[in-house]
Amino acid sequence: TDNAFAGAVVQASGALVLADSLIEGTISGSSVGAGLGLFVSDLGAQFWGPPSLTLQDTTVRDNEMGAVYITGAGIVQLIGNELAGGTGLTVAPGMWAHGDAVFVTAGETVPTAWDEEEQVGLLLEGNIFSDSAGSGVFLDGASATLSGNTYEDNTTDLVRQACGEADAPEGLDDEPLTTTELCPDYDYLTQDLVLMVYLTEPEAEL
């Protein structure tokens, strides 16, 4: 609770299995930005391998910018979670304020639907996506596999844009969606996030 930038981060070849947990109250700030439950990025994956995240039976709520932000392809399974998008952040006029339960966009590579044989891609299964000022699920030039999810009290249950850059998500037609925006004429301007960590080495005089 009460972290800055994100409650958990998985980047490049990092691997995280998180179950029966709670992530809440992440704040943004002038130096740290964001305000997310979880941040997943494939930055550097061409050198070190893709990120891997399994999130199961976990609640992610009350984070300023949203619950889960995924940029690029990896091995990502979100199963049986309660993910609340929140109120979002207005950082510039005309920019999507986020507040998404799950936001997915292209990074070094394009996120794909889950491949059961290869055990790679993005799987969203049995989750509750709720209370999103933005979207329950936002796919920005990205794909995923959707299975058995529930959508509650979102401004828009699912947004899919930049449709020419990724395959259609698998299972979309079977999801109980009330409101959708599919392949709008004009894409929303979204916020790109990059986490760069700098470590300084002090010099000691003896």
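User: Is cysteine 183 buried, partly exposed or exposed, and what relative accessible area does cysteine 183 have?
Analyst: The model is a predicted one, and the answer follows from a computed accessibility. A residue counts as buried under 20% relative accessible area and as exposed over 50%, with partly exposed in between. Cysteine 183 falls in that middle class and is therefore partly exposed, its relative accessible area being 36%.

User: Which cysteine is joined to cysteine 183 by a disulfide?
Analyst: A disulfide is a covalent bond between the sulfur atoms of two cysteines. By the distance rule, the count for this structure comes to one disulfide. Its S to S distance is 2.0 Å, and the partner that it joins to cysteine 183 is cysteine 163.

User: How many residues apart in sequence are the parts that this pair ties together?
Analyst: The torsion about the S-S bond of cysteine 163 and cysteine 183 is about -105°, so the disulfide is left-handed. Cysteine 163 lies in the loop between strand 16 (156-161) and strand 17 (180-182), whereas cysteine 183 lies in the segment after strand 17, so the parts tied together are separated in sequence by 20 residues.

User: Which residue forms a salt bridge with glutamate 24?
Analyst: Side chains of opposite charge can pair when their charged atoms come close. A search of the whole structure finds one salt bridge. Glutamate 24 lies in strand 3 (residues 22-24) and its partner in strand 6 (residues 59-61), so the pair ties together parts that are 37 residues apart in sequence. The closest N and O atoms are 2.9 Å apart, and the partner is arginine 61.

User: Which residues does aspartate 2 contact, leaving aside its neighbours within four places in sequence?
Analyst: Aspartate 2 is found in the segment before strand 1, and it is exposed, with a relative accessible area of 64%. Once the neighbours within four places in sequence are left aside, the residues in contact with aspartate 2 are Glu24 and Gly25.

User: How far away is the nearest side chain of opposite charge from aspartate 100?
Analyst: Aspartate 100 lies in strand 10 (residues 100-105), and it is buried yet has no salt bridge. Its side chain does reach the backbone nitrogen of serine 135, at 2.9 Å.

User: Which residues touch the most other members of the largest nonpolar core?
Analyst: The largest nonpolar core has 29 residues, and those that touch the most other members are Leu38, Leu55, Val68, Leu78 and Leu83. Elements that give two or more residues to this core include strand 4 (34-41), strand 5 (52-56) and strand 7 (66-71). Leucine 83 is in contact with residues that include Leu55, Val68 and Leu78.

User: Is leucine 124 buried or exposed?
Analyst: The place of leucine 124 is in strand 11 (residues 121-125). Leaving aside its neighbours within four places in sequence, leucine 124 is in contact with several residues, among them Leu78, Phe129 and Val137. Its relative accessibility is 0%, and leucine 124 therefore counts as buried.

Conventions:
Residues numbered from 1 in each chain as written. Predicted model: local features only at pLDDT ≥ 70, side-chain atom pairs only at ≥ 80, totals over all residues. Heavy atoms only, no water. Helix = DSSP H or I, 4+ residues; strand = E, 2+ residues; numbered from the N terminus. Buried < 20%, exposed > 50% of the residue type's maximum accessible area, 1.4 Å probe, protein only. Contact = heavy atoms within 4.5 Å. Lys, Arg positive; Asp, Glu negative; His and termini not counted. Salt bridge = Lys/Arg side-chain N within 4 Å of Asp/Glu carboxyl O. Polar contact = N/O pair within 3.5 Å; in protein donor to acceptor, adjacent residues only side chain to side chain. Core = buried A, V, L, I, M, F, W, Y, C linked by side-chain atoms within 4.5 Å. Disulfide = S-S within 2.5 Å.
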